[in-house]
Structure formats: C-alpha cells, structure tokens
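Here is a briefing for a first look at this structure. Start with the sequence and the model, then read the points by topic.

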Amino acid sequence: MKRILSVVAVLAALASAPLAAHHSFAAEFDATKAIRIMGTLTKVEWTNPHIYFYLDAKDEQGNPVRWTCESGAPGALTRRGFKRGDLKLGDTIVVDGYRAKNGANLVDARRVTLADGRIVSGASAGDGGPQ
Amino acid sequence: MSASRAGVSVVAAVAVAVLCGVAGQAQLSVADFKSNRPTPRTAAGKPDLSGYWKGTTDTRPGGNIGKDLPGWKLPLTPAGEAALQHNLTATIDPESLCIIGGIPRHNASGLPFEVLQGANKIAFLYWYSYFRLIPIDANRKHSDDPDPSFFGEELGRWEGDTLVIDSIGFKDEKVWIDENANPHSDALHVVERWTRPDGDHIHVETLIEDSKFYTRPFTYSRTWVLGKPDEEIQEYACSENNVDAAHLGFGPGPIRPDGTRGYIDPAPLPPPLPRTVK
C-alpha cells in the first residue's frame, strides 16, 4: 500500500505542478526512444535549471557505461517529494526515460525508482514531454 | 485474484481517479477560480497589481503567441516566414541558453511571475532571476533611437484603471517571440493593457505589431490567478549547470496540431518495477 500511495503522490504532484519548463522536451529528447537504466549512483548535481545524477551501468554486452540523467529543477522536484537526500551515492537506481536526440548517453529521467523502492517523478513539468 | 494483481488493480483504479482529476482540472477556466475580494488599490486610488501570479490550465496552447488566432496561424510576411524557418532549423531556444525571453514571450510563458508596484514604477519579477522595471509616467516619450533590448524600451501610463505599457526598441537576434520559435524583428511594438478585475485575477490584453515579420497587428490575451501568500519568486539560476545546452537541437522539436510542442505518439515507458518497499 505504501508503494500505491507513492504512485498516487507522484500523479497528484504532476496534476498540481506549475508549468516550469526550461526548454521543450522535444528539443533535447526523442520520445520514440524509451529506455530503462539500472545503475549505481556515482554523482549528484542538485542544481538549476535541472538536476543531474550519474549512473554506472552496463550495456547489453555487459560493458560499463556511464549515464547522465536529467530531471527538473530542484524547487519543483522538492515540492513534489523528490528531495536531494533521496539520492545517496552507491544506491542502485532505476531510471525510466527517453534518450537524447543526439545519441549521447543522456536520458530524461521521467520516472525514478529509488533504492528504497519509492517511485518519484523526475519530469520537467510543462515541457511537453510524455506524461 | 493474487495479492500482487489486486495491488495492481488498486493502483490502476486510483491512478484513473487521479488522472480524471487531472482532466477535470484541465477543463477549469479562470472563471472557476472565484473571487469575492475587491481589487486592491493604492493610496492614489489606482489598482494595485502587486502579487504572485500563476497561469491556469485553460491557457491553451501554452507558450504560443498565436493562441487567440484561428488555427493559431500567425500572419507572417515572407520575411517573417523565412525568420521562422531560420529559428526552427538553425537556432537553439535562446531562453534555454539563459538569454532573456523578453516581451511578449514572458507573458506567454508557463512560469509564474511576481509584480511589485510603486507609485511611479512597477517591477515584474520572473523566474531565472530576470526582471523588468517600468516607469509609470504619462509624460515620458520614447527615445528617438533606443538601444535594443529584450524587454524593449517600456513606458507605463494609467488609462483609468488600466495600466498601459508601450514598448519599442527590441533586439532582433537571439529572440523567439514564443516557445514555438516564432520570430519577431527589431520593428516590434508591443502594447500591454493590464487590469486587475478583482482581488484574485490579473489580466492582459496585448497588441503586437511588427511590420517586418507580420502583415497586420494581432492580439494575445491572458488571465492569471493570485498565488498563495507564501508563494514568491525564488532563486532559479539559469546558468548554474547547463549540461543540457550541449545536447539541445535546433528549434523546439515537433509542434502538434493543437499548437503545443512535443511528440504526438510517444513510446510508453517500461512498466513500473514490481519492487517491494524496504
């Protein structure tokens, strides 16, 4: 039930979130390239205009690959319950999102499953990206 | 039914209920934000426009300066059409590169803003730590050759209970007139007519003229609602960590038939993980 409430909290937060996009989703990311990344958290930049966190993961051949994960602005994320303290170095994080259009190892982290199983929204509200 | 399937069903049911709430909210108009508070006034008897102002979900399409035109079709001249194509195919959104959006783009933005009104000046404060400070003086005239700027040379005056802001002297490089990459030139002339019809709403009627890029003047109107007393502009350093700048493509990406930006049929995300909360 706790997880159910987390999902509800995410949806409710999205419902009430102010529009705060720094740029259009589609200017940076490809909505046809959904991806799931599971990796170890190695760095967190809790900064404006976007937060970034970095995951060490493995590609389909088992080779190490580092992913840059982009989410919304700190203020917007904090208001919806995704806080800086939720990201601890060494955690195993799962990111569901969309790849950058330019092919870089950069993902729009729209759904983040934290190490404790909580699911939080990392989307930049109002960016026109998939809901 | 297994416990896990039951859980999924509950999630789905609650999600549907919440999303229906979202849809309901999306249908709210500014009239649904009822107000029984009168327009606050200054000591001089003028409406006080001060407050933290938030957009509503019925401003559609958001970020599109053609919102009030049939089919959102802007009356572009050939030069304007060429400028639009240049913006779409050869420029990165200036605002995402931390260049001031200017007027009228800020009035079409989804971001809230704050107004602080004095006796002879009025300040508009924006997220990204931008501001514009406008003199209110009916006797001031525009300069003969104002230095181009993103907000333009702005002059304010009262016409009854309406604050009129008349602006010329705009830049013609590194500017999009809205989030859809529509253009404006240095011939832009913007007349904003701001009113506060009650305690909880602020409204603008905007006349946009640009003889280089548009065949005729057009209008853009919008109403915002008052934020809560503890809501205010906070630090939002645009240039703190622009990792994204190196990855942004030209233009805003696809524009949907409804005048908004984004993909029509995005791929779904993988289903949420069936993980147990520790």
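**Lead: a loop residue in chain B**

Cys98(B) sits in the loop that runs between α2 and α3 (105-108) of chain B. Helices (H or I, at least four residues) and strands (E, at least two) are DSSP runs, numbered from the N terminus. The model is predicted: local features need pLDDT of at least 70, side-chain atom pairs count only at pLDDT 80 or more, and totals for chains, interfaces and linings use all residues. Residues are numbered from 1 along each chain as its sequence is written, while chains are lettered from A and ligands numbered from 1 in the order in which they are written.

**Confidence**

- The predictor gives the complex an ipTM of 0.84. The pTM is 0.86.
- pLDDT is the predictor's confidence in each residue, on a scale from 0 to 100.
- Chain B has a mean pLDDT of 89. In that chain, 87% of the residues reach 70 or more.
- Residues 1-27 of chain B have pLDDT below 50. Beyond near neighbours in sequence, this stretch has 20 contacts in the model. Two residues are in contact if their C-beta atoms, placed from the backbone, lie within 7 Å.
- Chain A has a mean pLDDT of 87. Here 84% of the residues reach 70 or more.
- Residues 1-19 of chain A have pLDDT below 50. This stretch has 44 contacts in the model beyond near neighbours in sequence.
- Where pLDDT is low, the predicted coordinates should not be read in detail.

**Chain A overall**

- Chain A contains three helices and six strands. Along the sequence they follow the pattern α-α-β-β-β-α-β-β-β.
- Of the 131 residues in chain A, 48% are buried. A residue is buried if 20 or more other C-beta atoms lie within 10 Å of its own, exposed if 12 or fewer, and partly exposed in between, with C-beta atoms placed from the backbone.
- Take the contacts in chain A with a separation of 6 or more: residues 24 or more positions apart account for 60% of them.

**Chain B overall**

- Chain B contains three helices and nine strands. Their pattern along the sequence is α-β-α-α-β-β-β-β-β-β-β-β.
- Chain B has 278 residues, and 31% of them count as buried.
- For contacts in chain B with a separation of 6 or more, residues 24 or more positions apart account for 62%.

**The sheet in chain B**

- Nine strands of chain B form an open sheet with antiparallel pairing. Their order is β4-β3-β2-β1-β9-β8-β7-β6-β5. Two strands pair if DSSP finds at least two bridges between them.
- The edge strands are β4 (130-135) and β5 (153-159) of chain B, and each pairs on one side only.
- From one strand to the next, the twist averages 25°. Axes are lines fitted to C-alpha atoms, for helices over the stretch in contact, and angles run from 0 to 180 degrees between N-to-C directions.
- Antiparallel strands β7(B) and β8(B) are joined by eight bridges. They form a hairpin with two residues between them. Val190(B) stands opposite Ile208(B) in β8(B).
- Strand β8 (residues 201-209) of chain B also runs antiparallel to strand β9 (residues 218-226) of chain B, with eight bridges joining them. His203(B) has Thr223(B) in β9(B) as its bridge partner.
- In a regular strand the side chains alternate between the two faces of the sheet.

**Backbone features in loops**

- The peptide bond from Asn48(A) to Pro49(A) is cis, with omega near -5°. Pro49(A) lies in the loop between β1 (29-45) and β2 (52-58) of chain A.
- Arg60(B) and Pro61(B) are also joined by a cis peptide bond, with omega about -10°. Pro61(B) lies in the loop between β1 (51-54) and α2 (78-90) of chain B.
- Cys98(B) is a residue other than glycine with positive phi, near 70°. Cys98(B) counts as partly exposed because it has 17 C-beta neighbours inside 10 Å.
- Lys174(B), a residue other than glycine, has positive phi as well, near 55°. Lys174(B) is in the loop between β6 (162-168) and β7 (189-198) of chain B. With 14 C-beta neighbours inside 10 Å, Lys174(B) counts as partly exposed.
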